[in-house]
Each structure stands twice: as C-alpha cells, then as structure tokens.
Amino acid sequence: MAAFPKLKTGAVAQYPATRSPQFQNQVLRFLDGSDQRYRDSAGALYQWEIRLDELDEGEMAAVEGFFLANQGCFGNFEFTDPWDGQTYPNCSFAADELDLISLMEMRGKASLKVIENRV
C-alpha cells in the first residue's frame, strides 16, 4: 500500500496542523419523541488538516503526484500521525480537490485533509 509522501525533513506535516477525533453516532427517533442513540463504530476515527508551507518544486510534485495517483478521495493509503508517529493503514483524502499554490519559483504551499477510514 502506498504511504503519504514525506518532506525533505522526514516529516509528513508542518505546524500548525490539527488532528481531531470523530465518532460515528447514530440517533433513531421514535414517533413519541424519544430517541435511542448508539455508536456505529468501535472507536474514534481521526481527521488531520495538513498545511504545508515553503515547499520546493520536488516536494510539490510529490504531493501532487500522490494526490493524482490516489484519484482524490477515491484511493487509500498509509498515513503516519505527526503527533505520535503511529501509522494508520487505511486513510484517504477528504476531498477531490488539492489546494496547491505556487508562490514563486521553487516555492509553494499546499493544504489538504486526510481522514482515517474504518477497516
């Protein structure tokens, strides 16, 4: 399985980056107004918002090539959490658009969201 590309420094993200857990809870509402709540999964799924600044041309090409190879949010890949170093084996992009901006020659930035998928 493909792994999210690392920068020249060996990191997968730059700060500030965010990581947020998400739960899949379901609510079943009854005609009498009461409801029943249940969790649709065993635990939290994580979402990372990755902002990459000061990318050189090689790093920009690697991020863009990886995004295109995964066909946006269609594909899945391994992602290493920048906070604890744990590798999540089943992740994908949250959107089919990549925000990749070339600021000047050999300098650019990108922002994207990575989500963990249920195995």
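Guide: Residues are numbered from 1 along each chain as its sequence is written. In this predicted model, local features need pLDDT of at least 70 and side-chain atom pairs count only at pLDDT 80 or more, while totals for chains, interfaces and linings use all residues.

Visitor: Why is asparagine 90 called buried?

Guide: Buried means under 20% relative accessible area, exposed over 50%, partly exposed in between (1.4 Å probe, protein chains only). Asparagine 90 has 16% relative accessibility, so it counts as buried.

Visitor: Why does phenylalanine 30 count as partly exposed?

Guide: Its relative accessibility is 38%, so phenylalanine 30 counts as partly exposed. Phenylalanine 30 lies in the loop between β2 (25-29) and β3 (35-39); strands are DSSP runs (E, at least two residues), numbered from the N terminus.

Visitor: What makes strand β6 largely enclosed by the rest of the structure?

Guide: Five of the seven residues of β6 (residues 87-93) are buried, so the strand is largely enclosed. Asparagine 90 is in β6.

Visitor: How do you know that β5 and β6 pair?

Guide: Two strands pair if DSSP finds at least two bridges between them. Three bridges join β5 (residues 77-80) to β6, and the strands run antiparallel. Phenylalanine 77 has cysteine 91 in β6 as its bridge partner.

Visitor: What joins β6 to strand β8?

Guide: Three bridges join β6 to β8 (residues 107-116), also in antiparallel fashion. Here cysteine 91 has glutamate 116 in β8 as its bridge partner.

Visitor: Which residues does asparagine 90 touch?

Guide: Contact means heavy atoms within 4.5 Å. Not counting residues up to four places away in sequence, asparagine 90 touches residues including Phe77 and Glu116.

Notes: Side-chain values use heavy atoms; hydrogens and water are left out. Helices (H or I, at least four residues) and strands (E, at least two) are DSSP runs, numbered from the N terminus.
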